[in-house]
Amino acid sequence: MSSSSLSRRALLSVFAATPLVTTGIGVFPATARAQAAEAGLITPNVCMLTPETTEGPFYLDPGLVRQDIREDRPGMPMNIALQVVRPDCTPISGARVDVWHCDAAGVYSGFSESGSDSGETFLRGTQLTDDTGVARFHTIYPGWYPGRATHVHYMVHLGTTRTASQVFFPDALSAYLYRYVDPYAERETAPDTTNARDRIARSAGDGAFAQVKDMEEGYHAALVVGLRT
C-alpha cells in the first residue's frame with residue numbers, strides 16, 4: 001500500500017487505541033510539562049541528564065553541515081529537534097550536534113557491511129545549536145534492522161568532550177509505518193525488536209524517547225538532551 005493511500009485519521013486512531021506510556025510518551029505529569037514550558041524546553045523531560053549509550057558501529061564524520069540530510073532516501077518526512085541544555089535547564093548554544101540513522105531498508109550510508117557504498121553520506125549531518133540550544137534536522141522516519149528497536153543516533157560535541165546517545169520512537173507508530181507505508185512496507189520481513197526488548201532503549205530510559213507530533217506531511221520529533229557540563 002502506498003503512503004498516498006493512507007488515511008491520516010486511521011494513523012491517529014492507532015495512537016488513540018494504543019497505550020504509549022511504555023514508550024516514554026505521556027509519562028510526564030502536568031507539573032513537569034508546566035515546568036518545561038516555563039524553562040523554555042521543547043519537551044517535558046525537564047532537566048533529565050541524558051544517559052550516554054553506545055556510539056554504534058556506523059558513526060562517520062563526513063563534515064556535512066546541513067539541516068536536510070535526506071539526499072535521495074525515500075520515506076515518511078520527519079523533522080527532528082534536539083535541544084541541548086545544562087542540568088539547570090539553561091540552553092547550550094553553539095554546541096555541535098551530529099545525527100545519523102539508517103534508511104527505510106535498514107541501511108547506513110558509508111558502510112559496505114550495512115549494504116552501502118563507502119562514499120555515500122545519506123541520513124548524516126551536523127548542526128550547531130541556536131540561542132535556545134536547539135539543533136534541527138529534516139530527515140525521514142528511520143527504518144529498522146534486526147536486533148534493534150527504531151532509533152536515531154546523535155552525538156553532542158562540547159569542546160574536547162563528546163556525548164553519544166540515541167533517540168527512540170513509539171512502537172505503535174513504527175509498527176504502523178512498517179506494515180502499511182512504502183517503502184518500509186516493501187521489505188519481506190517484519191521487525192523483531194520492540195522498545196521493551198531493546199537493551200539500549202531500556203537502559204536509556206524515558207528521557208531518550210522523542211515527543212512525536214503529527215504534521216500536515218509527516219512528523220515532528222523533539223527531545224531535550226541534558227548534559228553534565
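Start the tour by selecting Leu-123, which counts as buried because its relative accessibility is 0%. Buried means under 20% relative accessible area, exposed means over 50%, and partly exposed is in between, with a 1.4 Å probe and protein chains only. Leu-123 sits in the loop between β2 and β3 (124-128). Its phi is near 60°, a positive value in a residue other than glycine.

This is a predicted model, in which local features need pLDDT of at least 70 and side-chain atom pairs count only at pLDDT 80 or more, while totals for chains, interfaces and linings use all residues. Residues are numbered from 1 along each chain as its sequence is written, and side-chain values use heavy atoms, with hydrogens and water left out.

**The whole chain**

Next, show the protein chain as a cartoon. There are four helices and eight strands, in the order α-α-β-β-β-β-β-β-α-α-β-β along the sequence. Helices (H or I, at least four residues) and strands (E, at least two) are DSSP runs, numbered from the N terminus.

The chain has 229 residues, and 50% of them are buried.

Contact means heavy atoms within 4.5 Å. Among contacts between residues at least 6 apart in sequence, 76% join residues at least 24 apart.

**The nonpolar cores**

Select Leu-82, Tyr-141, Val-167 and Phe-169. Of the 36 residues in the largest nonpolar core, these four touch the most other members. Six elements each supply at least two residues of this core: β1 (77-85), β2 (96-100), β4 (134-140), β5 (151-158), α3 (171-180) and β8 (219-226). A nonpolar core is a set of buried Ala, Val, Leu, Ile, Met, Phe, Trp, Tyr and Cys residues joined through side-chain atoms within 4.5 Å.

Keep Val-167 selected. Which residues is Val-167 in contact with, leaving aside its neighbours within four places in sequence? They are Ile-80, Leu-82, Thr-150, His-151, Val-152, Tyr-154, Ala-208, Ala-210 and Leu-223.

Now move to Cys-102, Phe-111, Met-155 and Ala-164, which are among the nine residues of a second, separate core.

**The pocket**

Select Ser-174, Ala-175, Tyr-178, Ala-190 and Pro-191. Of the 19 residues that line the largest pocket, these lie nearest its centre. The volume of this pocket is about 260 Å³. On a 1 Å grid over the protein atoms alone, a pocket is an open set of points with protein on both sides within 12 Å along at least five of seven lines, a cavity is a set of points where a 1.4 Å probe fits but cannot get out, and lining residues have an atom within 4 Å of a point. Grid points are joined across faces, edges and corners, and a volume is the space filled by probe spheres set on the points.

Colour the pocket lining by class to find eight nonpolar, six polar and five charged residues. Ala, Val, Leu, Ile, Met, Phe, Trp, Tyr, Cys and Pro count as nonpolar, Asp, Glu, Lys and Arg as charged, and the others, Gly among them, as polar.

**Backbone details**

Go to Asp-182 and Pro-183, which are joined by a cis peptide bond with omega about 5°. Pro-183 is in the loop between α3 and α4 (199-204).

Then select Cys-89, in the loop between β1 and β2. Its phi is near 80°, a positive value in a residue other than glycine. Is Cys-89 buried or exposed? Cys-89 counts as buried, because its relative accessibility is 7%.

**Pairs across the sequence**

From Cys-89, draw a distance to Val-225: the two residues are 136 apart along the chain, and their C-alpha atoms are separated by 9.7 Å. Val-225 lies in strand β8 and is buried, with a relative accessible area of 0%.

The last stop is Met-215, in the loop between β7 and β8. Met-215 is partly exposed, with a relative accessible area of 23%. Its C-alpha atom is 9.4 Å from that of Pro-77, 138 residues apart along the chain.
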